[in-house]
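Work through the exercises below with the model open. Each task is followed by a solution in steps.

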Amino acid sequence: MRIFDPHIHMTSRTTDDYERMAAAGVRAVVEPASWLGQPRTSVDTFVDYFDSLIGWEPFRADRFGVRHHATVALNPKEANDPRCRPVLDLLPRYLDKDGVVAVGEIGYDSMTLAEDAAFAGQLALAVAHDLPALVHTPHRDKARGVARTLAVVAESGIAPGRVLVDHLNEVTVELVRDTGCWLGFSIYPETKMSPPRMVELLRAYGTERMLVNSAADWGRSDPLLTRATGEAMLLAGFTEDDVDRVLWRNPVEFYGQSGRLDLADLGGPGG
């Protein structure tokens with residue numbers, strides 16, 4: 001089983017995690033720029049963070065045979081902090097880097113006016129830099145947040161097929177399914193989605209444009225839940241080809257639109 005985790009925050013994980021992931025079949029990851037838990041107080045802290053995402057972290061991953069790519073953005077939560085908003089002027093410098101395969105995470109946390117402006121502005125950057133967009137949906141009032149997200153995406157002019165709407169669940173999958181956007185699902189130990197629930201959604205909606213990620217970060221999470229989902233699919237009667245499509249070919253196809261996905265020497269078609 002080959003696995004591409006399309007959303008995982010390896011900055012918050014240990015080298016032991018890389019070793020375990022590689023042993024479980026994880027060959028490639030995308031790490032979205034995100035909130036680190038502690039409020040950042042200046043743009044300079046983002047410079048250091050982005051430099052780490054495109055420099056140190058790919059080096060660290062490569063030591064374990066895992067190919068690391070990144071997305072960069074001003075995340076929704078910190079878009080509300082005036083000290084952080086100048087990051088929007090910094091982003092073009094990083095959106096031209098080879099290892100950056102999308103603009104993200106962008107979207108909503110609390111659905112404020114500041115988040116509206118940051119979201120629309122960063123979708124415009126995605127269009128200008130010919131990159132896909134990774135969209136975070138809010139943890140609270142999710143259905144309204146997803147509906148608002150889709151309205152902003154439609155207004156932006158970005159092609160729906162270049163947008164991945166993430167952190168979906170049973171309540172929101174119907175809202176996104178027929179829009180042409182890609183659908184992301186985060187598998188967590190206690191919240192978000194679980195492998196059995198994900199299997200039921202795949203039974204109901206199929207595997208087209210469906211991506212499964214661990215979204216593992218500094219909170220209680222598990223970078224091996226992508227593998228657990230693949231195993232649950234097989235036990236439920238899905239074929240190995242179905243699993244490969246969800247856990248490998250779909251993320252390759254989505255992020256491949258950036259023209260920067262490097263999967264050489266990972267073995268097999270598409271990597």
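**Exercise 1. The second largest pocket**

Task: State how much space lies in the second largest pocket, then describe its lining.

Solution. The model is predicted. Start with volume: the second largest pocket holds about 170 Å³ of space. Next, count the lining. It has 13 residues, and Pro58, Arg67, His68, His69 and Gly99 lie nearest the centre of this pocket. Now assign elements. Helix 2 (43-54), helix 3 and strand 3 (67-72) are the elements that give two or more residues to this lining. Strand 3 gives the most, with 4 residues. Finish with classes: the lining divides into 5 nonpolar, 3 polar and 5 charged residues.

**Exercise 2. The largest pocket**

Task: Find the volume of the largest pocket and the residues nearest its centre.

Solution. The space in the largest pocket is about 440 Å³. Its lining comprises 24 residues. Nearest the centre of the largest pocket lie Ser34, Trp35, His136, His139 and Asp217. By class, this lining has 10 polar, 7 nonpolar and 7 charged residues.

**Exercise 3. A pair in helix 3**

Solution. A pair of aromatic rings is described by the distance of the centres and the angle of the planes. A search of the whole structure finds 10 aromatic pairs. Stacked needs under 30 degrees, and edge-to-face needs over 60. Last, check exposure. Buried means under 20% relative accessible area, and exposed means over 50%. Trp56 has 45%, so Trp56 is partly exposed. Phe59 has 48%, so Phe59 is partly exposed too.

**Exercise 4. A pair in a cluster**

Solution. Then widen the view: Phe254 and Tyr255 form one aromatic cluster with Phe4, Trp182 and Trp248.

**Exercise 5. A charge over rings**

Task: Which rings does the charged end of Arg40 sit over?

Solution. Take Phe46: the charged end of Arg40 sits over this ring, 4.1 Å from its centre. Then take Tyr49: the charged end of Arg40 sits over the Tyr49 ring as well, 4.7 Å from its centre.

Methods
Residues numbered from 1 in each chain as written. Predicted model: local features only at pLDDT ≥ 70, side-chain atom pairs only at ≥ 80, totals over all residues. Heavy atoms only, no water. Phe/Tyr/Trp six-rings, centres within 6.5 Å; stacked < 30°, edge-to-face > 60°. Buried < 20%, exposed > 50% of the residue type's maximum accessible area, 1.4 Å probe, protein only. Lys NZ or Arg CZ within 6 Å of the ring centre and 35° of its normal. 1 Å grid on protein atoms, 1.4 Å probe; cavity = no way out; pocket = protein on both sides within 12 Å on 5 of 7 lines; lining within 4 Å. Points joined across faces, edges and corners; volume = space filled by probe spheres on them. Nonpolar A, V, L, I, M, F, W, Y, C, P; charged D, E, K, R; others polar.
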